[in-house]
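Hi,

Here is the structure I promised to pass on.

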Amino acid sequence: MQPTITKEEIMQVFPKVAATMADALGCDVEDIELDVSLIEGLDAESIDFLDMVFRLERAFKIKIPRGKIIDNARGDLSEAEFEQKGVLTPVGLAQLKVYLSEVPAERFREPMKVADIARLFTPETFCKLVLMAQRETKAA
Amino acid sequence: MLDSGLAGRTAIVTGGSRGIGRAIVELLAAEGVDVTFFYRDNVAAADSVVAAADARGNKIASDKVDIRDSQACAAAVDRVAERCGRIDILVNNAGMIRDNQLAAFVDEDVQIVLDTNVGGVFNVTRAVVPHMIVQRSGKIVNVSSVAGEKGGRGQTNYAASKGAINAFTRSLAVELAPRKITVNGVAPGVIETEMSQPVRDLAGDDVLARILLRRYGTAEEVAYAVWFLTSRFADYVTGAVFNVDGGFKME
């Protein structure tokens with residue numbers, strides 16, 4: 001079961017997430033729309049993702065373990081149920097679509113490689129990441 | 001006088017209580033850098049570095065950290081970041097030797113050298129780099145050795161560790177260039193330190209015959225190269241490994 005995150009919760013953290021991401025990407029905060037693809041729309045590179053994570057950790061006083069988005073997406077599935085040789089299984093892909101519900105269906109490729117998952121990420125993905133980390137911090 | 005741009009910067013130097021590390025710590029501190037050095041176990045040596053700096057009015061702090069322990073490294077780096085607000089410079093200097101013929105090694109001779117010399121560089125650098133990425137600046141200098149490029153009897157473990165550091169330096173330079181963080185190496189030859197004493201005692205004449213300048217180097221002479229690579233004069237240098245070896249030839 002994936003925990004539900006409401007649109008209201010996302011909109012609460014979005015302004016701060018957007019400001020933090022704009023700092024990391026060196027762009028205007030207005031460019032950070034909730035559903036823009038970070039790689040294809042904002043030219044983010046892999047080091048930018050690390051930069052964003054480090055800044056979000058500081059801004060929200062949370063810990064985001066490396067690889068957390070994929071782990072969250074995988075949910076209860078075992079690694080073998082989620083992917084085989086770097087390609088998502090049909091079950092894994094279905095699960096990813098649920099987790100990344102903000103991403104339009106046509107942006108998911110089939111077959112979908114694990115390495116290409118980051119291409120789907122949007123600012124909303126990072127809002128959810130922050131909210132999940134906040135819940136885990138509270139629960140701990 | 002030329003301004004190195006170092007005054008007011010903050011630095012972490014590993015293995016800073018003795019030898020080359022101590023010379024690096026003291027030179028950077030003399031330039032106005034707020035230096036924290038890590039050391040493994042020699043509390044008396046570490047305290048004497050800090051006391052000497054206090055007497056000169058320089059800023060040097062020490063922290064006892066086993067760099068083979070990644071969590072200890074992360075915690076120590078966070079302490080520096082908290083105290084200083086930023087980390088501008090990292091000098092990975094800590095290293096050890098355990099020389100012997102390959103066939104005579106026991107497991108620990110190999111493991112401890114690789115864990116300290118290579119594992120330590122990974123552990124400390126992994127903890128520091130997030131700070132530098134966010135700052136969009138930083139200078140990393142890895143102290144390697146001529147042994148990383150040239151063969152030497154009894155040093156397969158040490159040579160492998162130093163060759164690894166050179167490869168690490170070049171790859172990390174590529175990775176961090178988008179954030180204007182430079183990564184370079186300094187490869188000393190035979191330097192007059194406690195660590196090289198056994199080699200110098202055992203094969204001094206042989207070794208000197210291979211050094212073009214016919215003398216051993218001093219820790220300060222290595223520190224000057226590190227100083228250059230951490231200063232603004234080296235802003236356009238990255239992925240380089242700089243030899244400070246008096247022109248060393250090895251078989």
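**What I found**

Let me start with the second largest pocket: by class, its lining has 13 nonpolar, six polar and eight charged residues. Here Ala, Val, Leu, Ile, Met, Phe, Trp, Tyr, Cys and Pro count as nonpolar, Asp, Glu, Lys and Arg as charged, and the others, Gly among them, as polar.

Before going on, some housekeeping. This is a predicted model, in which local features need pLDDT of at least 70 and side-chain atom pairs count only at pLDDT 80 or more, while totals for chains, interfaces and linings use all residues. Residues are numbered from 1 along each chain as its sequence is written, chains are lettered from A and ligands numbered from 1 in the order in which they are written, and side-chain values use heavy atoms, with hydrogens and water left out.

Back to the pocket. Its volume is about 850 Å³, and 27 residues line it, with A:F54, A:R66, B:R126, B:A127 and B:P130 nearest its centre. Two or more lining residues come from each of α3 (46-60) of chain A and α3 (70-84), α4 (107-135) and α5 (156-176) of chain B; α4(B) gives the most, nine residues. For the terms: a pocket is an open set of points on a 1 Å grid over the protein atoms alone, where a 1.4 Å probe fits, with protein on both sides within 12 Å along at least five of seven lines, and lining residues have an atom within 4 Å of a point. Points are joined across faces, edges and corners, and the volume is the space filled by probe spheres set on them. Helices (H or I, at least four residues) and strands (E, at least two) are DSSP runs, numbered from the N terminus.

How do the chains meet? Chain B and chain A bury about 840 Å² between them, 56% of it on carbon and sulfur atoms (the accessible area, 1.4 Å probe, lost on putting the two together, summed over both). On chain B's side, B:I133, B:V134 and B:R179 supply 56% of the area buried against chain A, more than any other three residues. The contact (heavy atoms within 4.5 Å) takes nine residues from chain B and eleven from chain A.

Now the insides. The largest nonpolar core has 45 residues, and A:V17, A:L38, A:M52, A:L100 and A:F126 touch the most other members. A core here is a set of buried Ala, Val, Leu, Ile, Met, Phe, Trp, Tyr and Cys residues joined through side-chain atoms within 4.5 Å; buried means under 20% relative accessible area, exposed over 50%, partly exposed in between (1.4 Å probe, protein chains only). Nine of this core's residues come from α1(A), which gives the most. Apart from it lies another core of 32 residues, including B:L6 and B:A234.

A:L25, in helix α1 of chain A, counts as buried because its relative accessibility is 17%.

B:L102 counts as exposed at 59% relative accessibility, whereas B:N93 is buried at 10%. Not counting residues up to four places away in sequence, B:N93 touches B:V13, B:T14, B:G15, B:I20, B:G21, B:I24 and B:V143.

Cheers
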